[in-house]
Amino acid sequence: MANIIAIVGRPNVGKSTLYNRLTESRKAIVDDYSGVTRDRHYGQGEWIGKKFAVVDTGGYVHGSEDVFEAAIREQVLIAIEEASVILFMVDVTTGITDLDDAIADVLRRSKKPVFVVVNKVDHPLLQQEASIFYSFGLGEIYPLSSMTGSGTGELLDEVVKHFEQEEEETEDRPKFTIVGRPNVGKSSMINALIGKERNIVTPVAGTTRDSIRIHYNQYGHDFILIDTAGLRRKAKVKENIEFYSVMRTIKALEESDVVILMLDATEGIEAQDINIFHLAEKNKKGIVILVNKWDLIEKNHKTTKVFEDLIREKIAPFSDVPIVFTSVTEKQRIFKAIEVATRVYQNKTKKVPTSKLNDVMLPIIENYPPPATKGKYIKIKYVTQLTGKSPMFAFFCNLPQYIKEPYKRFVENKLRENFDFEGVPVQVYFRQK
């Protein structure tokens with residue numbers, strides 16, 4: 001189960017700065033999937049071997065505090081429901097405001113672990129000032145400076161103690177998750193797939209009530225469908241609906257093998273779709289893109305090609321992804337979507353024999369060797385596939401440190417051309433032989 005840290009608080013207390021620090025605390029493992037629009041942030045971090053997702057509620061609230069008090073309170077409620085741990089951020093330089101009090105009031109009633117993070121404690125003299133925040137009655141306070149990073153280590157040491165133990169999945173069936181923005185047709189897709197013959201469907205109880213697992217076993221396909229669709233929607237989640245679906249998506253995505261990203265043909269690929277795509281890619285999941293509501297588009301012989309090219313341009317550089325055009329209401333190509341997802345799963349779990357890898361790749365590398373650096377020639381001697389949940393390849397050579405990104409991409413493209421890893425992120429490593 002994904003461990004999610006949500007950072008809540010009123011505007012301008014430094015939530016985004018702390019978010020950047022948490023997600024970049026280990027640069028090698030961490031990547032930041034920042035929203036292109038309006039600062040929606042969700043990323044990954046790691047501390048003492050425990051991975052977690054971080055959601056910054058920062059950019060969701062605009063305007064003056066009094067107008068948006070309700071919106072902030074609603075975000076806090078969503079965070080309470082979805083996150084594993086809540087960081088409630090306050091500012092030592094302004095003390096306690098009415099809005100802080102209102103947020104603390106909501107958090108006191110929650111059952112989730114809450115950490116009061118007092119930001120901008122950049123000077124020892126401010127340590128005294130921070131003690132006023134004990135009056136929230138939320139337990140220990142954690143003074144820190146998100147600018148300099150002092151105090152974040154102590155905070156994270158305590159935070160990770162509250163994470164759930166990740167249980168190893170014993171389920172050997174492929175797990176497919178349908179994700180996408182609200183109203184793209186996820187529920188309709190699932191209903192069309194499982195039909196009304198409920199006897200073929202046995203709902204496997206999910207560990208938590210955030211995603212419903214459906215065991216699909218018909219027409220020669222046997223997999224678990226993780227449904228993030230028909231989830232209760234809050235009455236007034238308008239500005240926050242995206243934040244809400246993001247937290248749900250992170251959880252469901254981490255459980256799956258193949259992510260089926262559903263787009264609305266009438267709206268095209270939007271910023272949040274690209275965010276979800278990159279989140280799936282960084283998590284090394286298989287990916288299929290479904291363009292739904294295709295029946296609503298006026299078409300000529302070029303339409304599909306133009307649409308495909310546009311999507312591939314937006315998701316570059318990882319554009320080796322199958323795109324299926326569907327109409328759920330017309331029941332067009334919905335089973336093709338499942339066939340494609342199954343094929344992507346097979347690509348993800350594919351093992352290429354070492355002898356075949358060397359027979360194919362070494363001649364290619366010989367014809368196009370890595371460019372010499374500082375007069376030194378790089379010789380790649382041997383290649384093998386590493387064991388992992390997604391395809392990983394190690395190329396053994398004399399000077400791995402001189403191999404640049406463009407050559408890495410060239411090698412990855414040749415692997416894709418020769419062994420078909422469509423829809424799957426491929427990792428390429430160069431190692432000292």
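The model is predicted, so local features need pLDDT of at least 70 and side-chain atom pairs count only at pLDDT 80 or more, while totals for chains, interfaces and linings use all residues. Residues are numbered from 1 along each chain as its sequence is written, and side-chain values use heavy atoms, with hydrogens and water left out. Helices (H or I, at least four residues) and strands (E, at least two) are DSSP runs numbered from the N terminus, and two strands pair if DSSP finds at least two bridges between them.

**Strand β1 and its partners**

- Strand β1 (residues 4-8) and strand β4 (residues 50-56) run parallel, joined by 4 bridges.
- Strand β5 (residues 85-91) also pairs with β1 in the parallel sense, over 4 bridges; Val 8 has Phe 88 as its bridge partner there.
- Because 5 of the 5 residues of β1 are buried, the strand is largely enclosed by the rest of the structure. Buried means under 20% relative accessible area, exposed over 50%, and partly exposed in between (1.4 Å probe, protein chains only).
- Ile 4, Ala 6 and Val 8 point one way from β1, whereas Ile 5 and Ile 7 point the other way.
- In a regular strand the side chains alternate between the two faces of the sheet.

**Nonpolar cores**

- A nonpolar core is a set of buried Ala, Val, Leu, Ile, Met, Phe, Trp, Tyr and Cys residues joined through side-chain atoms within 4.5 Å.
- The largest such core has 52 residues, and those with the most contacts inside it include Phe 88, Leu 107, Val 116 and Ile 311.
- Leaving aside neighbours within four places in sequence, Phe 88 is in contact (heavy atoms within 4.5 Å) with residues including Val 8, Ile 103, Leu 107, Val 116 and Phe 136.

**The sheet β15-β16-β17**

- These 3 strands form an open sheet in the order β15-β16-β17, with mixed pairing.
- Its edge strands, β15 (380-386) and β17 (427-432), each pair on one side only.
- The twist averages 25° from one strand to the next; axes are lines fitted to C-alpha atoms, for helices over the stretch in contact, and angles run from 0 to 180 degrees between N-to-C directions.
- Strand β16 (residues 392-397) pairs with β17 in the parallel sense over 6 bridges, with Phe 430 in β17 as the bridge partner of Phe 395.
- Helix α11 (residues 354-367) lies across β15 and β16, at about 140° to β15.
- Helix α12 (residues 405-419) lies across β15, β16 and β17, at about 120° to β17.
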